[in-house]
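This report walks through a few local features of the structure shown below. The sequence and the model can be kept in view while reading.

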Amino acid sequence: MRAAVRKVVGYLGAIAVMLVVWEVAALVLASPALPGPASGVGQLVAQASVIWPQFIVSAWRVVASIVVGLVVGGPIGLLLGRARRADALFGPLVFLNYPIPKVVFFPILLVLLGIGDVSIIALISLIVFFQILVTARDASKSIPSSSVLSVRSLGADSWQVFRHVVVPASMPEVFTALRISAGTAVAVLFFAESVAGSTGLGYYVFDAWGRIAYGEMFAGILAMAVLGVLLYEAIEFAERRVCRWAQAQR
Amino acid sequence: MPDVVVEDASVTYHGVEADVLALEHVGLSLPAGEAIALIGPSGCGKSTLLLAMAGLLAPSSGRVTVGGEQLLGPRLRTALILQDFGLLPWKTVLANAELGLVIRKQPAKESRHRTMEALERVGLAEFIHACPGELSGGMRQRLALARALALDADLLLMDEPLSALDALTREDLQDLLLELWRDRGHTSMLVTHSIEEAVYLGRKVVVMTPRPGRVAAVVDNPLMGSAGYRQTEVFYERCAELRALLAAEGALHPDAAAAAAAGGAA
Ligand SMILES: Nc1ncnc2c1ncn2[C@@H]1O[C@H](COP(=O)(O)OP(=O)(O)OP(=O)(O)O)[C@@H](O)[C@H]1O
Ligand SMILES: [Mg+2]
């Protein structure tokens with residue numbers, strides 16, 4: 001409870017600082033592209049009925065992508081970290097592909113899957129998939145052998161070792177990767193929506209920019225920021241529940 | 001209670017750089033219900049021997065039989081306690097203690113009952129919802145013991161289980177180990193680096209040679225477990241005898257070895 005209060009206070013403080021910096025920046029730049037905080041927030045409220053559906057569309061895309069990337073990348077990464085032979089086979093494949101910027105495949109995805117949710121989700125999932133995969137693999141690789149030994153001495157088969165040791169032990173690292181992925185995911189979402197499609201916050205912002213409707217554009221940017229923060233907080237919340245034990249460790 | 005026989009067991013590790021011969025033709029027999037302490041120079045293969053006895057490591061040659069049956073894998077009623085206790089920090093005290101029964105798919109209700117009994121036995125009943133990270137070292141050790149008790153282990157293998165504890169907690173747990181062994185009569189094997197601990201908890205003390213490990217000597221210690229044993233003359237004599245044996249194996253620092261030799265002569 002006290003932690004929650006501290007968190008709210010922290011957020012309020014941070015918001016206050018940002019408002020001040022924003023106000024100063026707006027005064028200094030004196031550009032219609034950067035309205036002051038009062039009019040910026042005003043714009044968001046005024047545009048709420050238009051932005052809200054776009055917000056939902058974007059939120060759905062990014063959440064679906066993260067879930068797909070996590071559900072596919074997590075288990076594969078954990079398995080690769082534990083199975084030496086599979087790792088020797090697939091590891092090089094992963095590391096060859098990991099550094100390639102996946103956004104360059106977007107045009108191909110658009111051709112293959114068409115313009116719309118599917119290709120956007122495919123692109124973001126692909127990126128999240130690799131980030132989670134690589135982290136999960138390293139995490140499961142570095143699990144102390146004593147944890148595994150003691151569970152094996154209790155008669156655990158490979159699946160039980162995986163379930164009771166590998167998965168939970170790797171969770172803190174996977175969550176860290178997830179948080180980083182969430183930031184990347186929102187950025188890629190913006191890119192994908194502004195390039196292809198006629199819905200979502202990215203499209204909304206870009207469309208407003210094209211119409212020189214800076215007020216609307218700014219409202220869209222704020223909505224995108226809110227989406228990012230909500231995502232981050234949701235992951236934090238889940239992490240605290242799942243990795244409660246990690247806080248008890250020194 | 002099962003007896004354990006190690007017959008002519010050798011273990012070679014295939015390391016990154018070179019192959020390491022950790023155990024060489026080890027022969028050892030633990031009578032049913034016996035309490036053995038195993039002591040020897042660092043790196044001589046004590047942990048390796050214990051893993052082989054737990055069925056977690058197949059000897060390169062030779063074999064291990066428990067209760068007359070050759071070991072081919074982990075055995076249902078063998079409990080292994082490692083130096084870091086082998087607890088899972090993401091599970092509660094209760095779930096950690098119950099883990100062996102869960103893994104062996106025992107009926108849930110009976111498992112819970114047995115686990116609670118075991119936790120009460122080691123004095124952790126109040127802490128069932130805590131995480132291991134919230135426990136002291138001594139409590140973690142008790143938890144590892146509770147897991148073995150919940151399994152109703154008849155063979156308890158321990159690898160330096162008390163070495164991470166401070167002196168007071170350590171004596172406290174030595175007494176607990178002794179008490180459990182006297183009450184339950186399980187076959188017990190304790191690896192330790194402490195001469196006093198070996199004499200206090202081993203009715204037979206096995207001394208190993210430096211790597212590749214072989215059995216150098218077996219010291220009988222029939223008075224182990226008698227009241228106030230730590231303060232007796234016999235206890236000190238046994239310790240001196242062991243110290244001399246270990247010095248002969250080069251397990252002690254030269255100064256300590258000289259002192260042991262002098263003490264042995266006196
Ligand atoms: N997984 C492994 N791969 C290669 N060599 C190993 C491995 N485990 C142990 N060894 C080697 O085998 C020898 C025996 O190791 P072991 O851990 O059994 O010794 P120990 O007697 O338990 O030592 P300590 O008293 O320090 O715990 C050592 O020389 C060690 O270097
Ligand atoms: Mg060891």
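## Cysteines, rings and a ligand

A:Cys243 has a relative accessible area of 1%, and because buried means under 20%, A:Cys243 is counted as buried. The model is a predicted one, and over all its chains it holds 0 disulfides. A:Cys243 accordingly takes part in no disulfide, and the nearest cysteine sulfur, which belongs to B:Cys131, is 11 Å away. B:Cys239 is likewise in no disulfide, the nearest cysteine sulfur being that of B:Cys44 at 19 Å. With a relative accessible area of 3%, B:Cys239 is buried.

Aromatic rings come next. How many aromatic pairs are there over all chains? The count comes to 10 aromatic pairs. In the pair formed by B:Phe235 and B:Tyr236, the ring centres are 6.1 Å apart and the planes stand at 80°, so this pair is edge-to-face. In chain A, one aromatic cluster is formed by A:Phe190, A:Phe206 and A:Trp209.

Charged side chains also sit over rings. In chain A, the charged end of A:Lys102 is placed over the ring of A:Phe130, at 4.2 Å from the ring centre, and in chain B, B:Arg230 lies over the face of B:Tyr200, at 3.8 Å from the centre of that ring.

The remaining part concerns ligand 1. Which residues are closest to ligand 1? Of the 13 residues that surround ligand 1, the closest are B:Ser42, B:Gly43, B:Lys46, B:Ser47 and B:Thr48. Strand E2 (19–30) and helix H1 (46–53) of chain B each supply at least two residues of the shell around ligand 1, and H1(B) gives the most, with 3 residues.

| Residue | Part of the residue | Distance to an oxygen atom of ligand 1 |
|---|---|---|
| B:Gly45 | backbone N or O atom | 2.9 Å |
| B:Ser47 | side-chain N or O atom | 2.6 Å |
| B:His193 | side-chain N or O atom | 3.0 Å |

On its own, ligand 1 has 640 Å² of accessible area, and the protein covers 64% of that area.

How values were computed. Residues numbered from 1 in each chain as written. Chains lettered and ligands numbered in written order. Predicted model: local features only at pLDDT ≥ 70, side-chain atom pairs only at ≥ 80, totals over all residues. Heavy atoms only, no water. Disulfide = S-S within 2.5 Å. Buried < 20%, exposed > 50% of the residue type's maximum accessible area, 1.4 Å probe, protein only. Phe/Tyr/Trp six-rings, centres within 6.5 Å; stacked < 30°, edge-to-face > 60°. Lys NZ or Arg CZ within 6 Å of the ring centre and 35° of its normal. Near = heavy atom within 4 Å. Polar contact = N/O pair within 3.5 Å; in protein donor to acceptor, adjacent residues only side chain to side chain. Areas by Shrake-Rupley, 256 points an atom, 1.4 Å probe, with all protein chains shown as cover. Helix = DSSP H or I, 4+ residues; strand = E, 2+ residues; numbered from the N terminus.
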